[in-house]
Amino acid sequence: MNTDPTQQTPTGWWTEAAIYQIYPRSFADSDGDGVGDLPGITARLDHLVELGVDAVWLSPFYPSPQADAGYDVADYRNVDPLFGTLADADKLLTEARSRGLRVIVDLVPNHTSSAHRWFQEALAASPGSLPRSRYIFRDGLGPAGDQPPNDWQSVFGGPAWTRTVDPDGQPGQWYLHLFDTGQPDLNWDNPEVHEEFLDVLRFWLDRGVDGFRVDVAHGLIKQANLPDWQEPQEILSGNEIDKPRPPMWDQEGVHEIYRQWRQVLDSYPGERVLVAEAWVEPAERLARYVRPDEMHQAFNFEYLLAAWTAPAQYAVITRSLEATDSVGAPTTWVLSNHDVVRHASRLGLAIGGGRPNGIGIGDPQPDAALGLRRARAATLLMLALPGSAYLYQGEELGLPEHTTMPDEARQDPTWARSGHTQRGRDGCRVPIPWEADAPSYGFGPTDASWLPQPPSWAEYALDRQRDVPGSTYELYREALRLRRAHGLGRGTLEWLSSDDETLVFRNGELTVLTNFGDAPVPLPPNAEVLATSAPLTGIAIPTDVTVWLRS
Ligand code: NOJ
């Protein structure tokens, strides 16, 4: 018998699941205040059953000043009144379970909110005190201490340090925040921080959650002495293998933390999972987060970022599978989330033209029709791959990014902190349309919407697509149905061919072909078409189309 865990195929539900990301602010608003909430989600759970996903991941709903849309947590064991109550969270979990849907919640361990009790205690305490040791406080440089302790930049722009004011009104120490000033980084060298998060894990596991998506999983441990690092930060760029590793990301010490967490999860019944949000490249480095005694999964951002060409897609798929196979973990796939330009718009930009951090008025605009065509092909390709797939709310409607949002409406701290050079992530976070003719397109009972919805969104509303042959919604539904029926998530990929224009692989009894080239590709003889991302022209597969075939 083979006892090496890396040589065994993992079998839990997550290994082949389709997991739907809900961004609570923008999914469904039950009370008409313009911000989505937990009762809104519960009322729409049947949509997810109809769509055919296995699980949901909820972005944060905890008490928070919302300096970073809830990724600034003031209390890890409660619900912000904006989103409801703990009783609403319990109801959501119960209702999801009764429909066979698993629920993963977001855990934000790299930083708290500056409104968190611990940080407020730290501000009131003196340098070197116990409350300060829960965060990363340092004296400033220079005779007056008015220079930041090092040159690190915040991911959202500007310095990663903010100077505090002492209780007597004099300028004090500086604290580190890799993100917004409202998100002070915790000091994971302090055992009390470890204890606290073990307890937070248990709090939600006891309430019945199926797992955690771990925010900034690669950031918790910083290199000792916090050495200077001249490079600007980019949330979208990982660490290339031939470059030195930045002192704030992907340090060895993070792995011990997840080993401990894994033991906690394993002590609960029912296959609870940890999912790493770690912007770490290359795939071999990322695979270290999903070794047998660490997390279960990691988001595959290298896949999300890969160019829409046959060679780039072939390379990233192959590399991803090899890397996760080497540690015995399932691969994951993702095309959109709340931090990146939606793939229906991203793929409508020129190939190789860079990756904008948001798109606004005056920026080069994506080709909407081309973007949607490619997005549908990309999704059909993704859903045929073995492993689990993450979907972001609204992509099942083919929703584009809001690329003409007035800048005054923007709320992402990136826009202000970058000195209005990076528009940031609001364009992918706009409340989603359910009913074309209802106020706020059915997002809530009123017209209120915390970010403006473009008028063109009526055509994307769910009620305009349901039961409409060829709609993006019906394409997702059918693909998810077939994916489950054919066990694609637990299948094996076998490349049949790949060149500059086409990719062809087999997974079980399905053959999957994507045409990236300019010319149509003939359908293989005797092939039965089970799904296609766009209508075929006679017996040819046109450009930017994926087909699922049975022969
Ligand atoms: C990653 C989250 O996805 C993003 O939305 C957030 O701004 C940062 N982590 C900081 O928590």
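Student: Where is Y441 found?
Tutor: Y441 is found in the loop between α12 (413-417) and α13 (462-465), where helices (H or I, at least four residues) and strands (E, at least two) are DSSP runs, numbered from the N terminus. Before going on, note that this is a predicted model, in which local features need pLDDT of at least 70 and side-chain atom pairs count only at pLDDT 80 or more, while totals for chains, interfaces and linings use all residues. Residues are numbered from 1 along each chain as its sequence is written, and side-chain values use heavy atoms, with hydrogens and water left out.

Student: Okay, and is Y441 buried or exposed?
Tutor: Y441 counts as buried, at 15% relative accessibility; buried means under 20% relative accessible area, exposed means over 50%, and partly exposed is in between (1.4 Å probe, protein chains only). Its phi is near 50 degrees, which is a positive value in a residue other than glycine.

Student: What about D544, what is its phi?
Tutor: D544 has a positive phi of about 60 degrees, although it is not a glycine. D544 is found in the loop between β17 (540-541) and β18 (545-550), and at 4% relative accessibility it counts as buried.

Student: Switching to the backbone around P282, what is the peptide bond from E281?
Tutor: The peptide bond from E281 to P282 is cis, with omega near -5 degrees, and P282 lies in the loop between β8 (273-276) and α7.

Student: Let's do helices. How many residues has α5, and what does it reach from its first C-alpha to its last?
Tutor: Helix α5 (residues 191-207) has 17 residues and reaches 25 Å from first C-alpha to last, close to the 24 Å expected at 1.5 Å a residue; the expected span is 1.5 Å times one less than the number of residues. At its start, a side-chain oxygen of N190 reaches to within 2.8 Å of the backbone nitrogen of E192, and just after α5, G208 takes a positive phi of about 105 degrees.

Student: What covers the buried residues of α5?
Tutor: The cover includes α3 (86-98), β3 (102-107), α4 (117-124), β7 (211-214) and α6 (254-266), where contact means heavy atoms within 4.5 Å. The buried residues of α5 include V193, H194, F197 and W204.

Student: What does the side chain of H194 reach?
Tutor: The side chain of H194 reaches the backbone oxygen of W188 at 2.8 Å. That is a polar contact, meaning a pair of N or O atoms within 3.5 Å; within protein, one must be able to donate a hydrogen and the other to accept it, and residues adjacent in sequence count only if both atoms are side-chain atoms. H194 is buried, with a relative accessible area of 19%, and it touches W188, I257 and Q260, not counting residues up to four places away in sequence.

Student: How do the axes of α3 and α5 cross?
Tutor: The axes of α3 and α5 come within 10 Å and cross at roughly 55 degrees; axes are lines fitted to C-alpha atoms, for helices over the stretch in contact, and angles run from 0 to 180 degrees between N-to-C directions. The two helices are therefore oblique to each other, given that angles under 35 degrees count as roughly parallel, over 145 as roughly antiparallel, 65 to 115 as roughly perpendicular and the rest as oblique. The contact is made by L86, A89, D90, L93 and R97 of α3 and F203, W204 and R207 of α5.

Student: And α11 with α14, at what angle do they cross?
Tutor: The axes of α11 (residues 368-382) and α14 (residues 472-485) come within 11 Å and cross at roughly 10 degrees, and these helices are therefore roughly parallel to each other. In this pair, L372, R376, T379 and L380 in α11 meet T472, L475, Y476 and A479 in α14.

Student: Last one: where is the place of S59, and which residues does S59 touch?
Tutor: The place of S59 is in the loop between β2 (55-58) and α3, and S59 is buried, with a relative accessible area of 1%. S59 touches Q21, I22, Y23, P24, Y71, D106 and H338, not counting residues up to four places away in sequence, and a polar contact of 3.1 Å joins the side chains of S59 and Y71.
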